[in-house]
Amino acid sequence: MTKFYPNVRQSWGIVGIMMLTMLLFLPLLSPLYPLIGSEATMLLYYLLAIGLPLSTAINIRKKRTGNSTFNFQIKDARVISYSAIGGIALLFGLITPLNTLIPVPDVLVEAMRQASSGRGIFTLLLMAIAAPVLEELIFRGIIWTDC
């Protein structure tokens with residue numbers, strides 16, 4: 001059995017796949033916006049776009065390593081500062097310029113705007129439960145697994 005899955009390169013590949021699924025699910029969920037509302041659409045979008053690739057990675061990890069738990073300890077504290085610097089560099093050097101090149105339907109821009117200012121149960125589920133749990137699994141459970 002493999003000691004680690006995913007390794008650092010595979011981890012970034014998983015994040016890339018998540019970004020692609022986010023782009024894929026944007027147009028697929030836009031018809032739901034008028035039917036179920038912006039808050040429910042955003043929660044469903046987040047769970048599908050992030051949850052599906054993450055659950056696939058967790059299943060692959062379990063098959064390859066026999067381990068279904070995650071080590072959330074950081075062995076080298078320097079990785080925190082490197083990650084922060086890398087994240088900021090990606091945001092301003094890559095993500096922000098790409099954001100202007102990718103057309104987003106107006107209905108989804110409005111859905112995101114409303115969902116971020118929402119006060120309903122779906123916004124609570126998204127902001128207080130789904131986002132933190134999935135992001136912890138991604139960034140501390142997947143990417144930093146072998147750091």
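Guide: Let's start on the outside of α1: the face turned away from its buried side carries the exposed residues Arg-9 and Leu-20. Keep in mind that this is a predicted model, where local features need pLDDT of at least 70, side-chain atom pairs count only at pLDDT 80 or more, and totals for chains, interfaces and linings use all residues. Residues are numbered from 1 along each chain as its sequence is written, and side-chain values use heavy atoms, with hydrogens and water left out.

Visitor: What makes a residue "buried" or "exposed" here?

Guide: Buried means under 20% relative accessible area, exposed over 50%, and partly exposed in between, with a 1.4 Å probe and protein chains only. In α1 the buried ones are Ser-11, Ile-14, Val-15, Met-18, Thr-21, Phe-25, Leu-26 and Leu-29.

Visitor: Why are the buried residues of α1 said to line one face?

Guide: Looking down the axis of α1, they fall within an arc of 150° (taken from the directions from the helix axis to the C-beta atoms), so they line one face of the helix. An α-helix has 3.6 residues a turn, so residues three or four places apart point the same way.

Visitor: What is called a helix in this chain, and how many are there?

Guide: Helices are DSSP runs of H or I with at least four residues, strands are E runs of at least two, and both are numbered from the N terminus. By that rule the chain has six helices and zero strands.

Visitor: What is the kink in α3, and where does it lie?

Guide: The bend is the angle between axes fitted to the seven residues ending at a residue and the seven starting there. At Gly-51, shortly before Pro-53, it is about 35°.

Visitor: What makes a set of residues a "nonpolar core"?

Guide: They must be buried Ala, Val, Leu, Ile, Met, Phe, Trp, Tyr or Cys, joined through side-chain atoms within 4.5 Å. The largest such core has 18 residues, and Tyr-45 and Tyr-46 have the most contacts inside it. Its largest share, eight residues, comes from α3.

Visitor: Which residues does Tyr-46 touch?

Guide: Counting heavy atoms within 4.5 Å as contact, and leaving out residues up to four places away in sequence, Tyr-46 touches Gly-51, Leu-126, Ala-130, Ala-131, Leu-134 and Glu-135.
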